[in-house]
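Hi there,

Here is the structure I promised to pass on. Have a look at it first, and then read my notes below.

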Amino acid sequence: MLISIAFLIVIAASVTGIFLISFDNDIELMLPDNNEIRRSMRFLRESSFSDKIIISLGLNDSARTETDLIREVDRLAQSLKPPFISDVMSSVSESETANEMFAFLQYTPHLIDEKTLEKIDSQLNDDGIKSILQKNYRQLLSPSSMFITPILRSDPLGIKTGLLSALQKLSSSTGYEVTIKNGHFISKDGKHALLILKTPVSVTDGFGSRNLISYLNKEIGALPPYLSADIIAGHLHTVSNENVIKRDIKIVSIIAAIAFFFIFFFFFRDIKAVYIFLIPLASVAVSMNLSYFIIGNLSYFIIGMGAVIAGISIDYGIHIYIAVRTGSNRKEAVKNVTRPIVTGALTTISVFAAFFFSDVRGFHQLAVFSILSIVFCLSCSLYILPVFIEGKTARTFPALFDNISTVPELITDKARVSCWVILLIILLFLSSKTAFNSDIKQFDGSEPYIFKAEDNFQSVWGEKDNPAILVVQEESLEKALLTNERIYRDLANKFGNEDISNFAAIWPSNQTRTENSARWISFWKERAGKLKSLLAKHGPSYNFSDGAFSPFFENLYGEVNASGLSEDNLFLRRLKERFVLESGVGFQILTYFPDQDRYITAFTEFCRNYPGSFIVSRKSLSKALSDSISSEIIYLSAIAALFIPFLTLILLKDLRLTILALIPVFTGIAASLGILPVLGLTLNAPTIIAIMVVTGLCIDYGIFMAYTCRYHFKTGTGISVFLSALTTLIGAGVLLFARHPVLFSIGTTLFSGVLAGYMASIAAVPSMYRLWFKNKGNILT
C-alpha cells in the first residue's frame with residue numbers, strides 16, 4: 001500500500017510539474033551546430049525583416065471603388081498604435097518624396113568619386129560641351145520643360161542626374177509591383193492596397209506574437225464587409241505552429257489513451273494491469289521534469305515524441321506481467337525475463353546515447369528525455385511491478401492469442417525465409433528511391449489559410465523570388481561602410497551593378513565622402529573657369545544666355561555636413577533602414593543580389609577576403625543544411641551501427657544469435673526508408689530520429705525472440721512481443737493523425753519500421769533459427 005501511495009504521489013507531482021515547464025518551438029533546436037547555418041538563422045531572426053508585417057487589403061465588391069479602398073486604408077492605419085505597432089507606412093506624399101530626393105542632391109560633392117570626375121574632365125572641351133548643350137536644348141523643347149529648366153540650370157553636366165538614378169534604383173528594389181495612387185500603395189489591378197507595419201514584437205516571441213496577431217485581427221475585424229485582408233508575417237507562422245503542435249499533442253494523447261484502454265480491456269482484464277500503463281506514463285512525466293531541470297526549456301518537437309517513448313517503455317512492464325501471470329513461480333519468471341529485458345533496454349539506450357555525439361541540440365534533448373524514461377520505467381518494471389502481480393491463478397488472455405506469434409505450420413521455414421528475403425529486397429529497392437530534403441520550410445506546420453494568404457499576396461503584388469543578401473558586419477558604422485564600399489567596388493567591376501543593390505551606390509563611408517569633397521573642390525577650382533568659358537562660347541548657339549547656368553556655379557562649393565545622413569529626410573531614413581542594420585555586435589550593411597548559383601559562389605569567394613561578411617540565401621542555407629545533415633546521418637548511423645551489434649554480441653555471447661537478433665533491425669530500417677517515396681515523403685532530420693528509434697525497438701524484438709529460441713523459457717514471449725509491438729504501433733500510429741508535418745513524418749516512419757520489424761521477428765527469426773541450428777521444435781510459447 002505504501003509503495004502504491006508513493007508511486008501515485010510521484011505521478012501527481014510530475015504531472016503538476018509539467019504545467020510549470022517552459023516549452024520552445026525554436027526551429028534552431030533541430031538544426032546542426034554549423035556556423036554558417038546558425039549565423040544565417042540568427043541574422044534572419046534578429047534583423048528587422050522578420051519583425052515587419054504586411055497587410056494587403058482587397059475589394060471584394062465590384063460596386064466599390066478605389067476611393068473606398070483608400071479611405072479604409074487610412075482609417076486602419078490610424079487605428080494601429082503602440083505597443084504592438086511602432087510604425088505604419090500606408091502612404092507617401094509624391095511631392096514630398098520628390099523634394100526629399102532632390103534635397104539629397106546637396107551631398108553631390110561628397111558622393112562623386114574620382115572616376116566620375118575623370119569622365120567630367122573628358123567632356124570639358126569644345127565637342128563635349130557642344131554635345132551637352134545640344135542635349136539640354138532638346139530637353140527644353142519637350143512638354144515637361146517647365147519642370148526640367150530649374151534642374152538643367154543647376155546641373156548642366158547631368159552630374160546629379162546619375163545620383164538621382166542610383167537613388168531611384170535603390171528605392172524601387174522592393175520586389176513588389178506597386179503603383180502610387182493618391183500617395184497610397186495600390187496594386188496594378190487597382191483593387192488592393194498595401195500597409196507595411198513595424199512591430200517591436202520579435203517573431204520568436206510566441207506569447208507576444210499571439211497577442212500581436214490577436215490585436216491585428218481585432219482591428220481588421222472592424223473593416224467593412226466589402227474589404228478582405230491578408231496578413232503576411234512571420235509571427236503568424238509562430239502562432240500557428242504552436243497551435244498545430246498543441247492540438248496534435250492533445251489529439252495524440254486522447255487517441256493513445258483510448259487505444260491503451262482497449263488493449264487493457266481486451267487482453268488483460270485485470271485491475272492490477274493498470275500499473276503496466278501507469279509506469280510508462282509516470283516515466284514520461286518524471287523524465288520531462290528531470291529533463292527540464294537538467295536542460296532547461298524543452299522543444300515541442302521532442303515532447304511530441306512522448307507517446308512514442310511511452311510505447312517503448314511499456315514493453316518492459318508487459319514482459320514482466322505476462323511472465324509472472326503465465327509462470328508458476330513469480331521469482332523464477334522475473335529472473336528468466338530479466339536478462340533479455342535488460343539487454344533490450346541497454347541496446348535501446350545505446351541508440352539514444354548515440355544522439356549525444358550529434359551537433360543538433362534537439363537530438364541531445366531527445367537522448368536525455370528518452371534515456372531517463374527508459375531507465376525509470378525499467379527500474380519500476382523490475383522492482384515495483386512484480387510486487388502487485390499475482391502468480392498464475394486465473395486465465396487472463398483470450399485463448400485466440402495464446403500463440404499469437406506462431407506462424408501456421410503450413411508454411412515451411414524455407415518458404416518463410418524466402419518471403420522475408422524477397423520483401424527485404426523490395427524494401428531496399430524502394431529505399432534507394434528515397435530523397436533527402438534540406439528545405440527548412442518543410443518544418444513549417446502552419447495552417448493552410450496562412451499559405452493561401454501568402455499565395456494570394458504573391459499573385460496580387462507580383463512578389464519576385466527573394467534575393468540573397470551579402471552582409472557586412474563591423475563593430476562601427478564607419479568600418480562597415482568602408483568594407484561595404486570595397487566589396488561593392490569589386491563586385492561591380494566583375495558583375496556590373498545592374499543586378500546588385502548596395503548602399504555604397506549612394507552613400508559611401510565618411511572617409512570616402514571627405515576625400516570626395518576635397519577632390520571636388522580641387523577639381524573645380526582648376527576647371528570652373530574653363531567650363532564658364534566653354535558655356536559662354538557655345539551657349540548662344542543653343543539660345544542659352546550667359547547667366548543660364550549661374551545656379552550651378554553659385555552652389556559649386558556649397559558646404560554640407562559630410563559626416564552623416566540627415567535623419568529628417570524621411571525617404572532616405574526608410575531607405576537606410578533597408579540597407580543598414582544595427583545589431584548587438586555592431587552594424588550590418590546589406591547588399592541584395594539574385595539568389596543564383598553563379599552569384600552565390602562568386603560572392604561567397606569575395607566574403608573570404610573580408611572577415612565578418614557572410615551570405616544569407618535560401619539556396620546556400622539549403623545546401624549547408626544538406627551537407628551538414630548528410631554528414632550527421634553518416635556519423636550517427638556509424639555510431640549506432642557499432643553500438644548495437646557490439647552490445648548485443650556482448651550480452652547474448654553468441655555471434656549467430658546476434659545476427660538473428662539483428663534481422664528485425666535491418667527489416668525495420670529498410671521499411672522506414674522504403675515507405676517514404678511510396679507516400680511521396682522525403683528523408684529529413686526528424687525522420688532520421690524516427691529511424692534511430694525504430695532500430696532501438698526492433699533490436700528488442702529480435703533479442704527476445706532469439707533469446708527464447710535458444711533457452712525455451714515458458715514466459716509467454718509470443719504474446720509479450722505481440723503486445724509490445726502493438727503498444728508501440730499505437731504510440732507511433734497516433735502520430736499519423738497529427739497535422740504538423742514533422743510529427744506526421746515521424747509517425748509514418750515509426751509505424752512502418754516497427755510493423756516490419758515485428759513481422760520479421762515472429763516469422764523470419766524463428767525460422768532462421770530452426771534452419772541454422774537444425775532445431776524443428778515449437779519454440780515460441
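Let's begin with a term: a nonpolar core is a set of buried Ala, Val, Leu, Ile, Met, Phe, Trp, Tyr and Cys residues joined through side-chain atoms within 4.5 Å. Keep in mind that this is a predicted model.

With that term in hand, the largest nonpolar core here has 118 residues. The residues with the most contacts inside it are Phe268, Ile276, Ile320, Phe352, Phe355 and Leu723. Helix α27 (residues 685-711) gives the largest share of this core, 18 residues. Another core, of 64 residues, lies apart from it, and Tyr107, Leu111, Ile112 and Ile600 are among its members.

Setting aside neighbours within four places in sequence, Phe355 is in contact with Phe363, His364, Leu366, Ala367, Leu636, Ile689 and Met692.

Now the rings. The structure holds 20 aromatic pairs. One of them is Phe579 with Tyr592, an edge-to-face pair at 5.3 Å centre to centre, with 85 degrees between the planes. This pair links distant parts of the chain: Phe579 belongs to helix α23 (residues 570-579) and Tyr592 to strand β12 (residues 586-593), 13 residues apart. Both Phe579 and Tyr592 are buried.

A second pair to look at is Phe722 and Tyr758: the ring centres are 6.3 Å apart and the planes are at 55 degrees, so the pair is tilted. It also links distant parts of the chain, with Phe722 in helix α28 (residues 717-733) and Tyr758 in helix α29 (residues 741-773), 36 residues apart. Phe722 counts as buried because its relative accessibility is 16%, under the 20% cut-off. Tyr758 is buried too, with a relative accessible area of 7%.

Back to Tyr592, which turns up again and again. The charged end of Arg578 sits over the Tyr592 ring, 4.3 Å from its centre. Tyr592 is also the bridge partner of Ile469, and Ser501 stands opposite Tyr592 as well.

What about the strand around it? Seven of the eight residues of β12 are buried, so the strand is largely enclosed by the rest of the structure. β12 pairs in the antiparallel sense with strand β9 (residues 468-474) over seven bridges, with β10 (residues 501-502) over two, and with β11 (residues 580-583) over four. A hairpin of two residues joins β11 to β12.

Cheers, and enjoy exploring!

Notes:
Residues are numbered from 1 along each chain as its sequence is written. This is a predicted model: local features need pLDDT of at least 70, side-chain atom pairs count only at pLDDT 80 or more; totals for chains, interfaces and linings use all residues. Side-chain values use heavy atoms; hydrogens and water are left out. Rings of Phe, Tyr and Trp (its six-membered ring) pair if their centres lie within 6.5 Å; planes under 30 degrees apart count as stacked, over 60 as edge-to-face and the rest as tilted. Buried means under 20% relative accessible area, exposed over 50%, partly exposed in between (1.4 Å probe, protein chains only). A charge sits over a ring if NZ of Lys or CZ of Arg is within 6 Å of the ring centre and within 35 degrees of the ring normal. Contact means heavy atoms within 4.5 Å. Two strands pair if DSSP finds at least two bridges between them.
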